[in-house]
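Okay, thanks for coming, everyone. Let me put the model up and then we can walk through one of its chains.

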Amino acid sequence: METKDKIIVKGVSFFYGRNRVLENIHAIFSEHTITAITGPSGQGKSTLLGLFNRMWDDVPGARCTGEIRIRLVDRWVSPMKNDIPMPLLRRKVAMIFQEPNPLPMSIAGNMAFPLKLAGVRDKSIIEEKVQKALAQAFLWEEVKDRMEKSALDLSGGQKQRLCIARALVLEPEVLLCDEPTSSLDSKAAGIIEDFLVGLKTSCTLLVVSHYMEQMRRIADKVMALQDHGLSQI
Amino acid sequence: MMHAVAEKAVVVFSWAMTIVLCLCVSIFLGYLLIRGLPSLGRELIFGAEDPLRVLLGRARVFDGIFPAIMGTLFLVILSASLAVPVGVCSGIYLAEYAGAGMKKFSGLLFDILAGIPSIVIGLFGFSLAVFLHNHLDDRFGPCLLISSLSLAVLVLPYIVRSTQTSLEELPDGIRRTAIALGANKLQNIAYVLIPNALSGISSGIILAIGRCAEDTAVILLTGVVAVAGVPSSLLSQYEALPFYIYYISNQYTNPGELSGGYGACLILLGVCAFLFMSAYGVKKHLSHRTLYRA
């Protein structure tokens, strides 16, 4: 299958105040692939991920130069030029964090939350999308009988799968994963890895990870962020 | 070896201090109960009047503390109604929107406000009453409204600070969750940050309610009197439990009256407990509703 470009990064630099975190980054990420990004701590891997959905907008002193283009809903958008509404950008370019962060509400509440934020009010649509996303995350069978129970009572691996499912419920085109398995045991991490590989058919994934073995298992391309620059390895 | 001994000494000292503290509270409550319980009864609250007629508003109490209980309740509810919206909104602004300079400046102002003695706030309230009386309307004077305004100013820093701190202390994980799901800043604040910070915010409100119920210096200058009956409007003078306790312990003519003062102390503690429980109930209900609404 011919792969199209999904994200193009041209000469991107990022600064916190006077501190340069990323310098002149160039990269192309193809559609329906998993790109793993590795590198020593403090090199700006999470910062780089956050550029694609503008998570750093509200951070005082944060400044970005260069160009990022993402093909979303079959048109090229430049998030840094504000040519796409921020909520839409973040729904289409979803993000998973290192620590699973379910909201202190029920499993159903967590899953419905992003849909309600997006203005979906029809209960049958919500139920259908929630069930589909949970099934995608191999979680539906485990939680279908306790949807109204607190999401905080799930195990670490289940919480992380819930958070990924919660992002998937919005049908994102790009999934940014910031060390999604680093707080999990090897069994739970294995389940998440399989799950991420399965998502390639619907998403383009960028995964930050420290585990070389894991990256080789799941990634189509591995890139290293070192000395503020990004290169393929 | 020395470290182990030092650690043991610290543990024993901390344990002893905790026991001393628990003992002090027990002695304090025990003493209040012993002195106040005998006087506690229908007569202390309603005097010679029929409680039902009083509660229905068909009779006035002249020799009981029912008007003081009602005055205290009105005072606390009114002060909290004035202070909570302003304080919580300011706290949200300072935590989520204000720049570093604004935070520093307003933080300094609120710290100064928190340090102002309550009698000074009372004097400010009294001056406001005089100003309004002279320049706006004759009906203005020291009254329930002025007392409530002054108490609201007194407790504002607690509410602002507790709101600001509880929001600022939320971990990044919670802070970024809704943003990453497409929420705008206001949605993030309303659906995620406030519900998660509600426990800290309500602690500040509960503290403020306690302060409103117990402060005597402010109300002394702004409208409380020994005999006024249940306040009929915001511009009426009123009775309040802290002032009753102060007044009776200064002016008692026989041990029975003093015992009534102790009884009023117990009732004040009961009123505070009732207010705290109500605030706790509201907090629980609010957090549930707010979280699950989203």
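So, how do the elements of chain B run from the N terminus on? They go α-α-α-α-α-α-α-α-α-α-α-α: that's twelve helices and zero strands. Helices here are DSSP runs of H or I with at least four residues, strands are runs of E with at least two, and both are numbered from the N terminus.

Quick housekeeping. This is a predicted model, so local features need pLDDT of at least 70 and side-chain atom pairs count only at pLDDT 80 or more, while totals for chains, interfaces and linings use all residues. Residues are numbered from 1 along each chain as its sequence is written, and chains are lettered from A and ligands numbered from 1 in the order in which they are written.

On to the overall picture. The C-alpha atoms of chain B fill a box of roughly 65 × 65 × 35 Å along the principal axes. Chain B has 294 residues, and 39% of them count as buried, meaning 20 or more other C-beta atoms within 10 Å of the residue's own, with C-beta atoms placed from the backbone.

Now a helix pair. In chain B, the axes of α5 (residues 100–115) and α7 (residues 144–168) come within 8 Å and cross at roughly 140°. That makes α5(B) oblique to α7(B); oblique is whatever is left after under 35 degrees (roughly parallel), over 145 (roughly antiparallel) and 65 to 115 (roughly perpendicular). Who meets whom there? From α5(B) we have B:Phe110, B:Leu113 and B:Ala114, and they meet B:Leu156, B:Pro157, B:Val160 and B:Arg161 in α7(B). By class, that contact has six nonpolar, no polar and one charged residues.

Next, the contact with chain A. It takes 16 residues from chain B and 22 residues from chain A, where contact means C-beta atoms, placed from the backbone, within 7 Å. On the chain B side, α8 (172–180), α9 (185–214) and α12 (255–293) each supply at least two residues. Which helix gives the most? α8(B), with six residues. The chain B side as a whole divides into nine nonpolar, six polar and one charged.

Let's stay on α8(B). Its buried residues are B:Thr177, B:Ala178, B:Ile179 and B:Ala180. What covers them includes α2 (86–92) and β6 (93–96) of chain A, together with α9 of chain B. And after α8(B) comes B:Gly182, with a positive phi near 100°.

Methods:
Buried ≥ 20, exposed ≤ 12 C-beta atoms within 10 Å, placed from the backbone. Axes fitted to C-alpha atoms, helices over the stretch in contact; angles between N-to-C directions. Contact = placed C-beta atoms within 7 Å. Nonpolar A, V, L, I, M, F, W, Y, C, P; charged D, E, K, R; others polar.
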